[in-house]
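Student: I have a model open and want to go through it with you. Can we start with the domains?

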Amino acid sequence: MNYYNLKDSKERVSFKTASIKGQGKEKGLFFPEKIPQFEKDFIENLNMFSNEEIAFRCMKDFVSDEIPEEELRKIASETISFEIPLKKINDRIYVLELFHGPTLAFKDIGARFMSRCLSYFLKDEHKKVTVLVATSGDTGGAVAHGFYKIQGIEVVILYPKNRVSAVQEKQLTALGENITALEISGSFDDCQNLVKQAFSDEEINASLFLTSANSINVARWLPQQIYYLLALKQWQQLEKENPVICVPSGNFGNICAGILAYFRGLPVDHFIAACNLNNVVPHYLETQILAPKKTIATLSNAMDVGNPSNFVRILELFHHQFEDLKNKISGATVDDEETLKTIATVYEKYQYVLEPHGAVAYTSLENYLKENPHKKGFILETAHPVKFPESIEKVVPEAIKIPEKLNDLMGKEKKTVEINPNFEELKRFLLNKNQDV
């Protein structure tokens, strides 16, 4: 399987090269040359296969023979070595809990797969690799944990100052060792722009072996299909009709992976892109105008993205046919007031604690189902409520308990380097750090 650059289709690379480079010329994202199809018998009988086998079959065509089958099976198994349950909230709405991994967020799946692929690809390299990544919340912790203490890899994480939760910040700043956190005086979009500039800078790339771990990287984006398959495996035991899937959406890598799985044969009735006030895509679906805008800070901070990188991949999947896209995907916008109201209502009615991103998705799905009374669906709960105690405890009359796995981390010291959203500052830091290694 080769991958082409969405900004320059002449640039075609292998899975290994796409994983290591992160992005192509002109900051273009890589996209698979073909969409491999699931076998019909496989999709209709998922309950006959183990989760590990499902994960392996999901990824094998994208990796081809670049990783031996035995090694890829091991990587797939380690990627999903924790519970990913589909739970019922009420008669029409289920929730896929993606927060049972080591950093309590859905990004553990992509980060674990990518870190293991890179470790395999780079095992014979003598030059140290720098993983450069921007985070709006959970990516940083997942990447930090996934690459922690991996020999030959340095990780540099950019995150927006005062715009991530306390738990999220500790997860990406307290590890130390080969993990460095840069606290940027700006928004996530500032962080993301700095990362993209670094990948396009000739001097940096001549000095550093640079790669990215954001969902722009195919090795982070593609394995997110796995949990849609695992959700369907459970859904088939509970319901007969195809589900409506509602995804809290920020940079659009998560929902893009689900849509890719749909194009491969995953039976889905409809997708909903649930957004907070950073609603560039819902606006596009109403007006056919895709206009990035300045990021707005909200309670669902991981979705505070004013220029979602991965939406270009969704456009590519639909061959840029607006009507086809609009028929399969709806957009929804939910503000902070409605988010808190939903958290309170769902807890009162069903004794289920949603965190802000899940609440945005729940409201969006509930509104869609009111207009489509014969349908059912599920939301993706992308993070553990413990990451957002300030928001949740405003409306839920119980303290959110910190899981035991976080106790040690929360007691550690925060270690960051503060810089302005200025590329020259980032460039100096990266080049100086390379000299120190």
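Student: How many residue pairs are in polar contact between domain 1 and domain 2?
Tutor: The count is 10 residue pairs, both residues at pLDDT 80 or more. A polar contact is a pair of N or O atoms within 3.5 Å; within protein, one must be able to donate a hydrogen and the other to accept it, and residues adjacent in sequence count only if both atoms are side-chain atoms. This is a predicted model, where local features need pLDDT of at least 70 and side-chain atom pairs count only at pLDDT 80 or more, while totals for chains, interfaces and linings use all residues. Residues are numbered from 1 along each chain as its sequence is written, and side-chain values use heavy atoms, with hydrogens and water left out.

Student: What about salt bridges across that interface?
Tutor: The rule finds 0 between domain 1 and domain 2. It asks for a side-chain nitrogen of Lys or Arg within 4 Å of a carboxyl oxygen of Asp or Glu.

Student: Where are the domain bounds?
Tutor: Domain 1 is 68-104 + 220-393, and domain 2 is 129-207 + 410-434. The bounds come from an automatic or database domain assignment. Their centres, taken over C-alpha atoms, are 26 Å apart.

Student: How many residues of each are in contact?
Tutor: 19 residues of domain 1 touch 19 residues of domain 2, contact being heavy atoms within 4.5 Å.

Student: And what area is buried between them?
Tutor: About 1,400 Å², with carbon and sulfur atoms giving 44%. That is the accessible area (1.4 Å probe) that two parts lose on being put together, summed over both.

Student: Which three residues of domain 1 supply more of its buried area than any other three?
Tutor: Thr103, Asn301 and Lys387, with 36% of what domain 1 buries against domain 2.

Student: Changing topic, what does the C-alpha trace span?
Tutor: About 60 × 45 × 45 Å along the principal axes of the protein chain.
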